[in-house]
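Dear colleague,

Please find below the sequence and structure that I am handing over to you. A summary of what was found follows directly after.

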There are 2 protein chains.
Amino acid sequence: MKGIVRSEHFLQIRLRVFTEGTIPADLMTEKIDFKVSAEALRIFCVDCLVKVGLNQEDAGTTSDNLIFANLRGVDSHGVIRLKIYADRLRAGGIDCRARLQVVSQGGADALVDANNSMGQVAGVFGMKVALERAAESGFGIVVVRNSNHFGAAAYYAMMALKEGMIGFAATNSGPSMAPSGGRQARLGNNPLAIAVPAGKHLPIVLDMATGAVAWGKIFMAQQEKKRIPLSWALDETGAPTDDPDKAAHKGLIQPTGGHKGYGLSLIVDILTGVLSGSAFSTHLKSLYKDLQSPSGCAHLLAVLSIDRFIPTSEFGSRVDEIIDLMWNCPPAPSVERIYVPGEIEQEIHQERLAQGIPINPILKEELSALAKELEVHAPI
Amino acid sequence: MKGIVRSEHFLQIRLRVFTEGTIPADLMTEKIDFKVSAEALRIFCVDCLVKVGLNQEDAGTTSDNLIFANLRGVDSHGVIRLKIYADRLRAGGIDCRARLQVVSQGGADALVDANNSMGQVAGVFGMKVALERAAESGFGIVVVRNSNHFGAAAYYAMMALKEGMIGFAATNSGPSMAPSGGRQARLGNNPLAIAVPAGKHLPIVLDMATGAVAWGKIFMAQQEKKRIPLSWALDETGAPTDDPDKAAHKGLIQPTGGHKGYGLSLIVDILTGVLSGSAFSTHLKSLYKDLQSPSGCAHLLAVLSIDRFIPTSEFGSRVDEIIDLMWNCPPAPSVERIYVPGEIEQEIHQERLAQGIPINPILKEELSALAKELEVHAPI
């Protein structure tokens with residue numbers, strides 16, 4: 001019986017992924033014991049990506065971003081994306097030989113054309129330009145056009161930490177949310193990430209989507225036959241629903257905080273796709289559809305040079321103090337401790353670096369099949 | 001009976017304002033017919049502020065910001081603040097003769113010390129510097145320290161629209177929210193605003209607090225003896241409550257979207273108070289407490305020069321198109337139309353410009369008393 005429920009569950013996910021273009025974020029919700037070391041998984045990703053045409057460096061960049069997400073427990077942006085990236089590269093929807101180009105740059109700003117490269121390659125390139133601009137002008141802001149899905153946004157924001165700077169990253173993405181009051185997908189679950197260096201404490205890293213919830217949580221509720229909060233999803237008529245089945249069947253994710261999440265998602269789309277001359281709103285292709293067509297994705301990468309405002313060491317002490325103020329806040333009932341953004345991910349990172357990255361049976365099967373197809377050694 | 005309920009209601013508001021330092025945002029929820037023209041109300045504000053020591057120009061700047069909020073229907077940031085501003089100016093908590101100072105400026109960045117001036121004066125000054133920086137460097141980012149409550153954030157962000165640029169404004173504020181999992185106020189309901197010029201359409205203006213709701217809505221539910229959603233507030237133990245009485249009695253507002261609103265509020269505090277060397281978290285004074293002490297508030301004002309990325313006219317057409325895509329989204333049941341951020345406020349602005357700004361009886365009484373005290377003519 002459990003097997004049947006599981007098959008139906010995964011069938012639904014697959015259907016959703018391949019027919020509607022949404023994200024199988026919940027494949028990792030299965031309880032499993034199989035684990036692979038980050039290093040072995042990284043080598044595997046690189047091998048696969050090289051086999052489908054990327055050069056070693058670009059394959060390394062992309063793999064670093066995927067493994068980064070898995071290590072931090074953000075499995076929805078980890079190796080679960082490897083197959084679709086490989087499929088898009090093979091189908092020509094992503095150009096494995098694309099050359100990135102700085103279209104223009106001034107004091108603080110730069111416009112980059114990714115020419116349909118891997119999103120990760122474009123994101124890292126854009127962030128490097130933003131770091132240069134910030135070093136020169138105090139603030140750097142780079143918009144990248146004609147790119148693709150770039151994985152976990154925090155990865156790029158955190159590149160600024162090594163330079164003792166504050167990093168920002170955002171991207172638009174395939175439509176999956178309606179504007180408040182609507183019932184058709186017109187905006188992506190667009191994420192924004194901000195990374196702030198601390199002094200003796202670990203950095204603060206906020207990486208948030210503008211939607212209320214990931215599809216994975218709705219699929220889980222479906223599987224467990226539980227109601228969902230009315231703030232999570234809409235049914236196909238556009239009405240809020242507490243029925244996960246109605247949400248999963250042609251429903252939509254709601255923006256986080258109602259009109260606020262809608263507003264933030266719209267602003268991210270404007271600061272990326274609209275501003276750069278790239279695709280936006282319904283013009284943007286989903287990662288899982290039209291594998292042979294460019295997605296038209298756009299990113300924003302920005303960097304703030306702290307020492308233009310305050311000595312970096314003093315800033316670090318002050319960030320430590322605000323972290324202490326959060327940690328020391330008296331907790332609500334049944335709350336063990338209070339976290340700052342990014343702290344849980346840092347803890348999972350340490351744990352998984354030591355113990356390996358868990359791979360669920362479905363993902364294991366998918367990666368094994370990919371390995372066989374590409375004639376690459378699989379560590380799984 | 002209604003009179004008694006109302007008295008109790010207002011008594012609670014007053015108590016909350018003067019003992020706990022929160023905001024009487026609901027004074028405007030009373031249905032009233034009394035209206036004053038924006039121009040008459042502005043003159044009244046200027047007269048009062050000049051009487052308590054501001055010069056004509058600074059009084060004008062402050063009044064413009066208050067009337068702007070009232071015109072847009074954001075009455076919580078309108079003339080309802082006049083008395084507390086006057087009280088703080090008289091008590092010395094705000095320095096009516098403060099001189100603003102650009103501490104440092106580079107390519108994109110500048111640090112301004114408000115030296116405890118009126119927040120509105122500091123906000124406008126900071127935004128002017130940000131506009132200069134953006135004209136020179138493509139992006140301008142100004143952090144203002146040692147300032148005070150600056151009213152509606154959208155006012156500053158919208159200053160960029162006249163220059164055909166995108167404006168950003170954020171501020172920290174007196175603690176009124178706990179970090180997720182906490183039960184003590186450690187962060188403000190810190191707002192951020194972004195204004196984007198369109199082509200033929202009106203601009204998009206997002207002005208959002210990082211809290212789930214304004215106190216006013218909780219007070220209204222109390223008055224109407226209605227339950228509130230569990231996502232709005234915490235009781236004094238830190239547990240989510242649907243009882244507005246428990247929320248109002250030593251409770252707290254919840255961050256919008258749970259940990260996301262908490263993260264955003266924390267980031268705003270870091271990019272303003274922490275970065276500038278001003279007050280942050282619990283070090284920040286509430287507008288309604290310690291009237292003789294500086295609040296230590298800090299603001300962030302930023303401007304993006306669109307034509308560094310794309311011709312402004314092309315950007316305008318693209319913004320028009322994304323607005324059309326939102327407007328034309330099929331609506332959910334019982335939804336008449338879909339709005340873009342700032343659109344409702346624009347409509348109220350037109351209406352109130354023509355018909356006047358409504359003033360409820362309690363506010364009318366407060367302003368009349370202030371007028372009498374300061375020997376100023378009241379238009380009410």
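Please note that the model is a predicted one. The buried residues of α10(A) are Phe315(A), Gly316(A), Arg318(A), Val319(A), Ile322(A), Ile323(A), Leu325(A) and Met326(A). These buried residues pack against β8 (191-196) and β9 (204-209) of chain A, together with α9 (259-276) of chain B.

Regarding the contact between the chains, 63 residues come from chain A and 64 residues from chain B. On the side of chain A that touches chain B, at least two residues each are supplied by β3 (109-113), α5 (119-137), β4 (139-147), β8, β9, α9 (259-276) and α10. The most is given by α9(A), with 10 residues. By class, this side of chain A has 37 nonpolar, 18 polar and 8 charged residues.

Chain A is superposed on chain B by a rotation of 180 degrees with 0.0 Å of shift along its axis (RMSD 0.0 Å). The two copies are therefore related as by a two-fold rotation axis. Of the residues of chain A, Gly257(A) comes closest to that axis, at 2.4 Å (C-alpha). Both copies use the same surface, since 100% of the contact residues of chain A recur in chain B.

Finally, the largest nonpolar core has 248 residues, and Ala157(A) and Ala157(B) have the most contacts inside it. Beyond its neighbours within four places in sequence, Ala157(A) is in contact with Gly167(A), Phe168(A), Ala169(A), Ala193(A), Ile194(A), Ala195(A) and Val205(A).

With kind regards

Technical notes: Residues are numbered from 1 along each chain as its sequence is written. Chains are lettered from A and ligands numbered from 1 in the order in which they are written. This is a predicted model: local features need pLDDT of at least 70, side-chain atom pairs count only at pLDDT 80 or more; totals for chains, interfaces and linings use all residues. A nonpolar core is a set of buried Ala, Val, Leu, Ile, Met, Phe, Trp, Tyr and Cys residues joined through C-beta atoms within 7 Å. A residue is buried if 20 or more other C-beta atoms lie within 10 Å of its own, exposed if 12 or fewer, and partly exposed in between; C-beta atoms are placed from the backbone. Two residues are in contact if their C-beta atoms, placed from the backbone, lie within 7 Å. Copies are superposed by least squares on the C-alpha atoms of residues with pLDDT of at least 70 in both. Helices (H or I, at least four residues) and strands (E, at least two) are DSSP runs, numbered from the N terminus. Ala, Val, Leu, Ile, Met, Phe, Trp, Tyr, Cys and Pro count as nonpolar, Asp, Glu, Lys and Arg as charged, and the others, Gly among them, as polar.
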